[in-house]
Amino acid sequence: MNIDDTDRRTAVDDPPFAEADLPWNHPLARALSRLGRRLKQGDRNRPWILDAAVTAVVALMFCVPELVHDDDGMRHGFDSRFTELPWPGTLALQAGLVLPLLWRRRRPSLAFAVIISVFLLQLALGVWLRADIAVLIALYSLVLHGELRRLPAACAVTAGALGLVAVRLPSEVHVLDALFFLFSTITAAVALGLAVRIRRGQLAVLRDRATRLEIERDQRSKLAAAAERTRVAREMHDIVGHNLSVIITLADGGAYATDLAPERGKQALQLIGDTGRQALGELRRMLGVLREGTQTPAEPELSPQPGVGDIDALCERIRSAGPQVVHRSSGRLNTLDRGVQLAVYRIVQEALTNALKHGGPDAHVELTVSVEDTLLHIDVHDTGRGADTGRARPHDDEGHGIPGMRERAALYNGTVVAGPASGGGWTLRATLDVTPWAGTGLAPSATTGGAA
């Protein structure tokens with residue numbers, strides 16, 4: 001066994017790193033996380049509870065001991081520098097320092113202003129209290145909840161006040177050491193407030209981004225569903241509309257020919273059956289693409305989409321319904337991408353269907369498909385009934401007819417223009433830009449066409 005085999009065996013035998021081993025998946029971490037979420041939810045619902053709790057904790061830890069116990073050791077060292085007030089005065093100063101903490105989050109600037117004012121009054125009286133810790137708490141709250149433009153002034157006032165404290169400390173404590181310690185507390189309070197504020201801002205941005213991403217995802221899903229419905233409706237219109245128009249025309253012609261030439265009626269019925277079977281096959285192929293799951297042997301096999309080579313068969317079906325169709329083509333049409341060929345076929349199919357519906361079985365249709373340099377031109381001109389009126393045909397701009405052709409042409413930066421011809425009849429001209437896709441096998445319609 002070589003070294004590679006040993007390494008490979010070790011890599012296989014070693015269990016993968018379990019997700020349960022991650023620190024944040026530990027049961028204790030999860031319990032603390034749940035507790036934190038509940039506390040945050042409770043604080044959002046009743047913010048006064050946390051403010052009252054902080055105030056009560058500060059009072060119990062720093063105010064009550066100073067009223068109950070007389071620390072002779074500390075007082076003895078401070079006698080020469082600080083004075084001791086009676087307990088009513090001490091209680092009043094403590095209340096002025098601690099009670100503003102109740103609104104430290106709602107009105108941080110006001111709370112800091114009141115506390116620092118009481119602190120300066122206390123220094124003026126020459127008094128030292130444990131409750132002075134409220135100055136740092138108020139400064140931290142101002143950094144976290146207040147306006148940052150007021151932070152430099154607040155830090156300057158706090159540093160000046162603590163500088164006075166350092167000067168009045170006993171001689172055993174060097175002034176520089178005292179300043180270093182006191183200024184370090186100011187720095188710690190400001191740094192902690194900034195860190196928490198930045199973290200909360202980052203979390204708010206992430207939550208906002210996640211919300212916007214969810215909204216965009218839902219919007220993309222709705223847009224994709226709408227685009228898919230439009231595509232299916234357009235394909236259904238092309239398949240059903242064309243074949244039904246041919247069937248209706250053949251049925252009308254066969255009904256008139258039954259009495260005069262029975263063999264023509266029989267031929268019309270056969271053509272109707274062929275057209276119906278072709279339409280049914282196209283519908284099955286298109287619905288087979290939309291059906292979820294794997295394809296079973298009983299399902300119809302998918303076939304390639306119709307292309308430029310199928311236009312001749314399309315013209316033949318239209319001729320069988322009565323109209324005379326003259327088809328001309330030029331250029332290298334067979335080298336076009338399949339998506340481009342599908343767009344050309346559907347545009348021609350819709351144009352011939354409109355000529356059959358509105359021009360009648362006696363119409364004469366001229367169809368030209370040509371490629372010149374990077375542009376593909378489709379020209380359809382018919383001369384049927386109603387051509388002398390020069391009025392727009394009904395329903396040509398409704399439903400999925402001409403709008404569907406314009407959508408297909410727009411995929412290739414093309415245009416579709418349809419309307420009465422100057423010399424009579426009806427003319428449709430479509431232009432597609434095939435520069436990026438000619439002979440490449442890639443086209444945007446590959447994502448919208450599928451197999452029909």
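The points below treat the positive patch and then the salt bridges.

The model is predicted. A search of the whole structure finds 8 salt bridges, and K40, R44, R199, R200 and R207 gather in a patch of positive charge on the surface.

**Positive patch**
- Two or more residues of the positive patch come from each of the elements α2 (27-45) and α9 (175-260).
- Helix α9 gives the most to this patch, with 3 residues.
- K40 is located in helix α2.
- K40 counts as exposed because its relative accessibility is 53%, where the cut-off for exposed is over 50%.

- R429 and D379 form a salt bridge, with their closest N and O atoms 2.5 Å apart.
- R429 lies in strand β5 (residues 426-433) and D379 in strand β3 (residues 375-383), so the pair ties together parts that are 50 residues apart in sequence.
- R429 is partly exposed at 38% relative accessibility, and D379 is partly exposed with a relative accessible area of 21%.

- A salt bridge joins the side chains of R220 and E216 (4.0 Å, N to O).
- Both R220 and E216 lie in helix α9, 4 residues apart, about one turn of the helix.
- R220 is exposed, with a relative accessible area of 51%, whereas E216 is partly exposed at 33% relative accessibility.

**Salt-bridge network**
- A network of salt bridges links E147, R149 and R150.
- Within the pair E147 and R150, the closest N and O atoms are 3.7 Å apart.
- E147 is partly exposed, with a relative accessible area of 37%, and R150 is partly exposed, with a relative accessible area of 37%.

Terms used: Residues are numbered from 1 along each chain as its sequence is written. This is a predicted model: local features need pLDDT of at least 70, side-chain atom pairs count only at pLDDT 80 or more; totals for chains, interfaces and linings use all residues. Side-chain values use heavy atoms; hydrogens and water are left out. Patches are made of residues with over 30% relative accessible area and no salt bridge: like charges are joined within 9 Å, nonpolar side chains (Val, Leu, Ile, Met, Phe, Trp, Tyr) within 5 Å. Accessible areas come from the Shrake-Rupley method with a 1.4 Å probe; for residues, only the protein chains shown count as cover. Lys and Arg count as positive and Asp and Glu as negative; His and the chain ends are not counted. The place of a charge is taken as NZ of Lys, CZ of Arg, CG of Asp or CD of Glu. Buried means under 20% relative accessible area, exposed over 50%, partly exposed in between (1.4 Å probe, protein chains only).
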